[in-house]
Amino acid sequence: NKGEFAHYTIKEIFEQRTSVKAATYQEEHKIKVFCDTIAAAGNIIVTGSGTSYHTSLITSMAGCRALKKRFEPVMASEFKYNMDSIDKDTVVLAISQSGETADVLSATKLARAAGAKILSIVNVSTSSLARAADVSLAINSGPEIGVAATKSFTGQVSLAYSVLDRISGGRIGFDRDAVSDKITKMLAGSAAIERLVNVTMPKVNDIYLLGRSIHFPIALEGALKMKELAYVHAEGIAAGELKHGPLALMDKNAVVFVLNPDDKTYGDTLSSAHEVKTRGAKIIGISNVSNDIYDAMIEIPKMENELLYPLVEVIPLQLFSYYLALRNNVDPDFPRNLAKSVTVK
Ligand code: M6R
């Protein structure tokens, strides 16, 4: 039931107002074993596919910072080629909305055979991946019907952050009510994003998204949403890599999103924005501080800890992709050639 919404995708985007909170309510005994397993691990690998791989990147970066130990993100489809370090001191944390993604299930099977412990984060608590794990936590987002992962992404990140906070004594500072309020405020700006797509944006064929550190996975996630929902070529780029190649693509036809809140990446990412601006690209800044360099700006709130920015930065990118899909006459709920759950390898 889509209720007041035209599509499941936009309904699910708006459900993030509450789903980020739901993700963090867990049974005490389960979350305790889950956290103890991560705390005791010698070697932690985080795996997933598509959007859930982007959660794996964020979880790995945040895990390294909060727990001062190495987390390695590995794409589920690449897992079988990267098995050499897996042993009985390894914990594999597998992340999947559906819990039925074949590449993820196959990764956990191989890891288990090599002696690793398996943890999982799923949305569907009765799924194969939930059953394959030693301990599985569910994000409680409710059914996600739209093929594009939206509320499951922020639910996964919220749950991963509350796990890391619990182990580290609060080093991330994830507060479910504060995050939910900030997401609600971002969603209240949806009409401005719709206007940006329909009024301000030129016809666009190539979109680039730049970000560093914890913003880089959001650059990848935003690009994935734009490809999948609006059928537009989009690329997430670690901003520091521009000069190693992608700068050659920048000209007046490019639209570049710059993920640039005033954290420790700010100055470096602003320099990258200048590099692309000089080549004539149109720049959309996503930031809590304005700057004349942006042709358009999407304001995000200041976050207490920079690791929390992904949870608000992704919202305008989801909305932008949705409205761009409508502008391009694409059904956002069911993109061509894609399935909600990829059960083949
Ligand atoms: O159910 P899963 O989280 O395992 O699905 C993984 C990917 O297939 C999925 O995230 C896909 O990339 C989405 N359609 C992206 O929006």
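The legends below walk through several close-up views of this predicted model.

The model is predicted, so local features need pLDDT of at least 70 and side-chain atom pairs count only at pLDDT 80 or more, while totals for chains, interfaces and linings use all residues. Residues are numbered from 1 along each chain as its sequence is written, and side-chain values use heavy atoms, leaving out hydrogens and water.

**View 1. An open sheet of 5 strands runs in the order S2-S1-S3-S4-S5 with parallel pairing.** Here, helices (H or I, at least four residues) and strands (E, at least two) are DSSP runs numbered from the N terminus, and two strands pair if DSSP finds at least two bridges between them. Strand S2 (71–75) and S5 are the edge strands; each has a single partner strand, so one side of each is left without a neighbour in the sheet. On average, neighbouring strands of this sheet are turned by 20° against each other, direction ignored. Look for strand S1 (residues 43–48), which pairs with S3 in the parallel sense over 5 bridges; Asn 43 stands opposite Thr 90 in S3.

View 2. Contact means heavy atoms within 4.5 Å, and axes are lines fitted to C-alpha atoms, for helices over the stretch in contact, with angles from 0 to 180 degrees between N-to-C directions.

**View 3. Strand S5 (residues 135–138) is covered on both faces.** Strand S4 (residues 117–122) pairs with S5 in the parallel sense over 4 bridges, and Ser 120 stands opposite Ser 136 in S5. Also in strand S4 is Ile 118, a buried residue with a relative accessible area of 0%. Leaving aside neighbours within four places in sequence, Ile 118 is in contact with Val 92, Thr 108, Ala 111, Arg 112, Ala 132, Ala 133, Asp 134 and Val 135. Ile 118 and Ser 136 are 18 residues apart in sequence and 8.6 Å apart in space, C-alpha to C-alpha.

**View 4. A cavity has H3 and H7 among the elements of its lining.** The structure holds 1 cavity of 30 Å³ or more, and the largest cavity has a volume of about 40 Å³. On a 1 Å grid over the protein atoms alone, a cavity is a set of points where a 1.4 Å probe fits but cannot get out, a pocket is an open set with protein on both sides within 12 Å along at least five of seven lines, and lining residues have an atom within 4 Å of a point. Grid points are joined across faces, edges and corners, and a volume is the space filled by probe spheres set on the points. Phe 34, Ile 38, Thr 59, Phe 71, Leu 93, Ile 121, Ala 160, Val 163 and Leu 164 line the largest cavity. Helix H7 (151–168) gives the most to this lining, with 3 residues. By class, the lining has 8 nonpolar, 1 polar and no charged residues; Ala, Val, Leu, Ile, Met, Phe, Trp, Tyr, Cys and Pro count as nonpolar, Asp, Glu, Lys and Arg as charged, and the others, Gly among them, as polar.

**View 5. A second open sheet holds 5 strands in the order S7-S6-S8-S9-S10, with parallel pairing.** At its edges stand strand S7 (233–238) and strand S10 (296–299), each with a single partner strand, so one side of each is left without a neighbour in the sheet. The twist averages 20° from one strand to the next. Strand S6 (residues 206–211) runs parallel to S7, joined by 6 bridges, and Ile 207 stands opposite Ala 234 in S7. Helix H12 (residues 309–327) lies across S6, S8, S9 and S10, running at about 160° to S8.

**View 6. The largest pocket has a volume of about 650 Å³.** Of its 33 lining residues, the closest to its centre are Ser 49, Gly 50, Thr 51, Leu 224 and Glu 228. Helix H4 (50–67), strand S3 (90–96), helix H10 (216–230) and S7 each give two or more residues to the lining.

Notes. Buried means under 20% relative accessible area, exposed over 50%, partly exposed in between (1.4 Å probe, protein chains only).
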